[in-house]
Amino acid sequence: MNRTSNIKQRFAAAIERLDGDVDLLCEMAAITAPDCPAVLEQIESSLGQGECESAAAPLHKLKGMLSTFDADGVALEIQEMLEHARRGHLQELRQSFDQHQHEIVQLIDEIRGLAGASQQS
Amino acid sequence: MPTVLVIDDDPSIFLLVRKALDGVADIETAATAEEGLNLASKRHFDAVLLDIVLPDRHGMAVFCEIHELDRRLPVIFMTVEAASKTAIEAMQLGAFDYLAKPLAVKHLRTLVSRAIQQRELASVPVAIVADEDLAKDSGELFIGRSTPMLEVFKAIGRVSKQDVPVLIRGESGTGKELVARALYQYSHRSEGPFLAVNCAALPDNLLESELFGHEKGAFTGADSRRIGKFEQCNNGTLFLDEIGDMAPIVQAKVLRVLQDQRFERIGGNNELKTDVRIVAATNRPLEKMVADGDFREDLLYRLNAVTIELPPLRDRPNDIPMLIQHFLSQAKSEFSKPDLEGVSPEAVSLLKRHSWPGNVRQLRAVVRRCVLDTVLPVLVPDLLPESIRADQMPELVEDSDADVRTLPTDDPQPIANLSEPNGRGLPDIVDRLFQERSTDMYAETIAYAERYLLLRVLRETDGNQSKAAEILGITRGKLRDRIATYDIRLESGVRIGE
């Protein structure tokens, strides 16, 4: 299976929303990918300092950035974290972040891969 | 090319919107609220796409400022946190629409195109102004200056002070009860009670009890004496709506009241005297019902000594703008829509062309629905139900005898005119009516179900109307009336007329 077929399969829902435009998805990834690590760092920093409320803004931003590409419910998990953050539930937020961090990072890696595809074409 | 302002702190959204609106609109972008407001104050835009959570200010606050700058500019909110609360608040503020992220290209394109179109239509001067003061100041009972309505007003003036029964005839929704109330208001009995009874809404035995009352123990469940409307309404006016649906036994008792002003409660022996003026109304062919034996001839002659005919709305199209303005002003005040300016010329034109089978009641419902739905200060055609937008029948306005069954076949048809129902299409029909934003859903759905039921039962009885009426639990007269309404042919098998 070639690279384009992989992308079409992995991001089928996103591509459908974009009216079948794989190039657009890759171009959006190229814009989104570079900003993701900094946003993730902001969340980690807030959690490290025990500042629940200050984690809300980067969580919201991250959700927005990833939702275009998401197919596995990562955005929903971030929404759950966002609700913990807004309610000041630090322990639950940390727990949820630790539990889903791997999936978030994995999706960011995939977006980075899409961005690479955009730059190659 | 129209221009759309996109305010969002996610640059990938700019790319998506630019691609989605390629060929539809140019876009200008702003990553902060301040930048967006600055652009909105200096440039002309045809629509705005606004993120709810911005780095420097909440999108709702930004919306309010944009709204202050230009009330006709459609603003579409976008958010990744699509929750009921924000959606409700956004629409309450007057957002054109609300989009959940991730955005879908086709939907975005359709929505923005619609916003641009409505912006364009709403930018011309309104044809009818929504004037709140008009709703407050108007002490008028009726709206209309057409010749047929002037005849109605004159007739009310002539007979209101005469203590005679009046029969009001007219299609459903023409305002028969309003005429009855006017007759009461301008009569010598205006200090007395006005009571209304819908004869079609009650089963025969209950109607008899409602009108004449009953004694304790008169029938099972009659635990106490009940005073009927004829007694309650002494020295007043009793409005008997849908009198054509009254059972023969009740007709006989009403006739006696008309002749002698005397009656007995059900189960009672005492003759009671009352002084009631009867105003009756119907949209059924009473003369034909008399010929068919379903309505008492003597009662008809007693009732129709004075008859007031209410014209259908299609026969007085020149009154439509005045009616629109009246209902618009009322709804503006009632629904607290201070920004509402009026109706666009295109929308007025469509409203004037419609044949209005539901008459003034239907027009009122449509106007009120539009006022509720609109997010712009001007009512544009897009808000109107599909059946009105697709209306291309100016000839119906000219032809007072035209029936809705003469609608051209390429128009969306009222359900009563669709091909023969099989009873399984009901969910689709309800879905379609929702899509069309029907304001007559109840009547259209019931008509479909009723037509199916009649056909089914008539087939079961091989067209025998007496048997069918018995199975259906309605009078033969009512069945004949419905057969005629739905143009059911009984000659060779039972079928809908061509």
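Author: Val48(B) stands opposite Val75(B) in β4(B). This is a predicted model, in which local features need pLDDT of at least 70 and side-chain atom pairs count only at pLDDT 80 or more, while totals for chains, interfaces and linings use all residues. Residues are numbered from 1 along each chain as its sequence is written, and chains are lettered from A and ligands numbered from 1 in the order in which they are written.

Reader: In which sense do strands β3 and β4 of chain B pair?

Author: Two strands pair if DSSP finds at least two bridges between them. Strands are DSSP runs of E with at least two residues, and helices are runs of H or I with at least four, numbered from the N terminus. For β3 (residues 47–51) and β4 (residues 75–79) of chain B there are four bridges, and the sense is parallel.

Reader: What is the strand order of the open sheet of five strands in chain B?

Author: The pairing in this open sheet is parallel. Its edge strands, β2 (26–30) and β5 (97–100) of chain B, each pair on one side only. The order in chain B is β2-β1-β3-β4-β5.

Reader: By what angle are neighbouring strands of this sheet turned against each other on average?

Author: Axes are lines fitted to C-alpha atoms, for helices over the stretch in contact, and angles run from 0 to 180 degrees between N-to-C directions. For neighbouring strands of this sheet direction is ignored, and the average is 20°.

Reader: What angle does the direction of helix α3 of chain B make with that of β3(B)?

Author: Two residues are in contact if their C-beta atoms, placed from the backbone, lie within 7 Å. Helix α3 (residues 59–69) of chain B packs on the sheet and touches β1 (3–7), β3 and β4 of chain B. The angle between its direction and that of β3(B) is about 160°.

Reader: At what angle to β3(B) does helix α5 of chain B run?

Author: Helix α5 (residues 105–122) of chain B lies across β1, β3, β4 and β5 of chain B. Its angle to β3(B) is about 135°.

Reader: Which residue in β13(B) stands opposite Ile168(B)?

Author: β7(B) and strand β13 (residues 306–309) of chain B are joined by four bridges in the parallel sense. Strand β7 (residues 166–169) of chain B also has four bridges to strand β12 (residues 277–282) of chain B, again parallel. In β13(B), the residue opposite Ile168(B) is Ile308(B).
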